[in-house]
Amino acid sequence: MGKDHKPEWSDPHIPDNCLSIVRRGEELEGHPAAIEKNVRFQKRNTTEPSLDVLYDGVLNGDRSLIARAITLVESNAEQHFQKAQELLKKLLPKTGNSIRIGITGVPGAGKSTFIEAFGMYLCSLGYRVAVLAIDPSSSISGGSILGDKTRMEQLSKNRNSFIRPSPTGGKLGGVHRKTREAMLICESAGFDIILIETVGVGQSEVIIRDMVDLFMLLVLTGAGDELQGMKKGIMELADLIVVHKADGANKQRAEHTRQEYNRILHFLQPATKGWVTRAYPCSSITFEGINEIWRVIQNFEETVKSSGVFEERRRIQAKEWLYSMITDQLQFLFYHHKGVKSALPKLENEVISGEMTVASAVETLFETFLPTKR
């Protein structure tokens, strides 16, 4: 074995302060080298499934192909857009047969824990459950952890469930910009209940309300701080409030919190016409209250369907989806316009250096994007 050396970043004057060493490797006699020299590593060539394969796979409930279909519609690549739209067009007649539930909550409320317990309960009743979990994207790197399958270990193993973590990708409102499309794919795959977990509650988190039938808010005990943090805006959107972690020594405080929320809700306008929003205690550890939550959801579905509110809300959702897609498509076309891509760096530098105002730069870019607008 050759002589050991200290790494180049160690202090040569105080070598004992560095515990790392650099040791030259030697090939053992009779053992081939593990790494061949001058070999380039290449990404494995994977072929994309055809449109018909994806369509049949989704309808047959193939979880692998369901995931591939969602990946396709979430892709930002230009070559995937048309294929994704053709797939959604074929699947559209098979959609609309589920109950869509949005779930949000204050930080630490235990959304993933509740969803796993609730999902396992629903699966035990024979329902098929899909979970679309949205993770926040880093504002620095743009990446996301996507650890919801790890947090929902038992539910992810249940063959009647499907869990799909997706990043927000900078989308406001705690949802992914393609959450609606992913939801339609899950519906066409035969899932009875779609649970959409948002990244966490905020006073401006309202987009989820426009894509679900029922909006559920998870809160903790000690309602004063949570109520102050959420204000009244988010509470006016909720159809159901769950006081979570109502177990052990916390059970009595949870009951007090439930009563406090119900007193506040009495003075707020209901989120859904003909429905009175109430708060209910629940524990994902003891499962106490889980069946009550499901009973309330069933009552909600029956109430809104009999009154016509359900169909009206679905029509509004389709309208909101239309305008959301128009905005996304315009943004995509603008930033991929050759003239805009060419002019943007120069204008950006001029704005930063103070040579041009932001309004003038925007005007110049839109004259490039829409040269005939005048």
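Reader: How many helices and strands are there in the protein?
Author: There are 13 helices and 7 strands. Keep in mind that this is a predicted model.

Reader: What share of the residues is buried?
Author: Buried residues are 42% of the 374 in the protein.

Reader: And the contacts? What percentage of those with a separation of 6 or more links residues 24 or more positions apart?
Author: That percentage is 73%.

Reader: Which of its residues point which way?
Author: I193, L195 and E197 point one way. I194 and I196 point the other way. Both sets are buried, E197 included.

Reader: In what sense does strand 4 pair with strand 1, parallel or antiparallel?
Author: Parallel, over 5 bridges. Strand 1 covers residues 99–105.

Reader: What stands opposite L195 there?
Author: I101 does.

Reader: Switching to the surface. How much accessible area does the protein have?
Author: About 21,900 Å². Carbon and sulfur atoms account for 53% of that.

Reader: Which residues form a nonpolar patch on it?
Author: L322, Y323, I326 and L330. Together they have about 400 Å² of accessible area.

Reader: Where does I326 lie?
Author: In helix 11, which runs over residues 309–335.

Reader: Why does I326 count as partly exposed?
Author: Because its relative accessibility is 40%. Partly exposed sits between the buried limit, under 20%, and the exposed one, over 50%.

Terms used:
Residues numbered from 1 in each chain as written. Predicted model: local features only at pLDDT ≥ 70, side-chain atom pairs only at ≥ 80, totals over all residues. Heavy atoms only, no water. Patch = residues over 30% accessible without salt bridge, like charges linked within 9 Å, V, L, I, M, F, W, Y side chains within 5 Å. Areas by Shrake-Rupley, 256 points an atom, 1.4 Å probe, with all protein chains shown as cover. Salt bridge = Lys/Arg side-chain N within 4 Å of Asp/Glu carboxyl O. Helix = DSSP H or I, 4+ residues; strand = E, 2+ residues; numbered from the N terminus. Buried < 20%, exposed > 50% of the residue type's maximum accessible area, 1.4 Å probe, protein only. Pairing = 2+ DSSP bridges. Contact = heavy atoms within 4.5 Å.
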